[in-house]
Amino acid sequence: MLSPDASLVHLERWQALTPEQQRSFAPLCPDLVVELASPSDEGPRGGTALHQKMELYRRNGARLGWLLLPAEQAVEIWQAGEAPPQRLAAVTTLDAGELFPGLQIDLAEIWQA
């Protein structure tokens, strides 16, 4: 069982759960997952573990994943399917596109931390 730092689930998927399922750890993989690398994740072991976690999300149905790498001021975009993640450097805004129209994340504060 994995738990991302942040996630979103489309409303119709959430509403399909029973009230009991909604009150506990929901038995589904979110549509969007966000992981924020911390200093303890630096180095080959930490990076490998985060990549494995992102791949597990994707294999279990996540349609979009954002791996935020503050130390590098970079983001890896994980899409559904088998394509390798797209790495973006010096990006200040993320947009969820058609998956969650209007959802944008400003990364300036994260990069400053």
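Arg59 is exposed, with a relative accessible area of 65%. I started there, keeping in mind that this is a predicted model.

**Entry 1, around Arg59.** I looked up the partner of Arg59 and found Glu55: their side chains meet in a salt bridge, 3.4 Å from N to O. Both residues lie in helix H3, four residues apart, about one turn of the helix. Glu55 counts as buried because its relative accessibility is 16%, and the cut-off for that is under 20%. Glu55 also has a salt bridge with Arg58, at 2.7 Å, N to O. Arg58 and Glu55 are three residues apart in helix H3, so about one helical turn separates them. I noted Arg58 as buried, like Glu55. Put together, Glu55, Arg58 and Arg59 are linked in a network of salt bridges.

How many salt bridges does the structure hold? I count six. One of them is Glu35 with Lys53, where the closest N and O atoms are 3.1 Å apart. This pair links distant parts of the chain, as Glu35 is in strand E2 and Lys53 in helix H3, 18 residues apart. I checked the accessibility of each partner. Glu35 has 3% relative accessibility and so counts as buried. Lys53 comes out partly exposed, with a relative accessible area of 21%.

Next I went to E3 (64-69). Is E3 mostly covered or mostly open? Mostly covered, I wrote: six of its six residues are buried. In a regular strand the side chains alternate between the two faces of the sheet. I therefore took the faces one by one. One side has Leu64, Trp66 and Leu68, the other Gly65, Leu67 and Leu69, and all of these are buried.

For the neighbours of E3, I found E2 paired with E3 in the parallel sense over five bridges, with Leu36 opposite Leu68. E4 runs antiparallel to E3, joined by six bridges, and Ile77 in E4 stands opposite Trp66. E3 and E4 form a hairpin with four residues between them. In that turn I noted a positive phi of about 45° at Gln73.

Rolling a probe the size of a water molecule over the atoms shows where empty space is left. Which element gives the largest share of the lining? H3 does, with three residues. By class I have six nonpolar, two polar and one charged.

The largest pocket has a volume of about 340 Å³. I listed 18 lining residues, with Leu2, Pro4, Phe25, Leu28 and Pro30 nearest its centre. E1 gives the most, three residues, and H3 supplies at least two. The classes are 14 nonpolar, three polar and one charged.

Last, I looked at Asp31, in the loop between helix H2 (19-23) and strand E2 (32-36). Asp31 counts as buried because its relative accessibility is 3%. Leaving aside neighbours within four places in sequence, its contacts include Arg13, Arg63, His10 and Phe100.

Definitions and conventions
Residues numbered from 1 in each chain as written. Predicted model: local features only at pLDDT ≥ 70, side-chain atom pairs only at ≥ 80, totals over all residues. Heavy atoms only, no water. Buried < 20%, exposed > 50% of the residue type's maximum accessible area, 1.4 Å probe, protein only. Contact = heavy atoms within 4.5 Å. Nonpolar A, V, L, I, M, F, W, Y, C, P; charged D, E, K, R; others polar. Pairing = 2+ DSSP bridges. 1 Å grid on protein atoms, 1.4 Å probe; cavity = no way out; pocket = protein on both sides within 12 Å on 5 of 7 lines; lining within 4 Å. Points joined across faces, edges and corners; volume = space filled by probe spheres on them. Salt bridge = Lys/Arg side-chain N within 4 Å of Asp/Glu carboxyl O.
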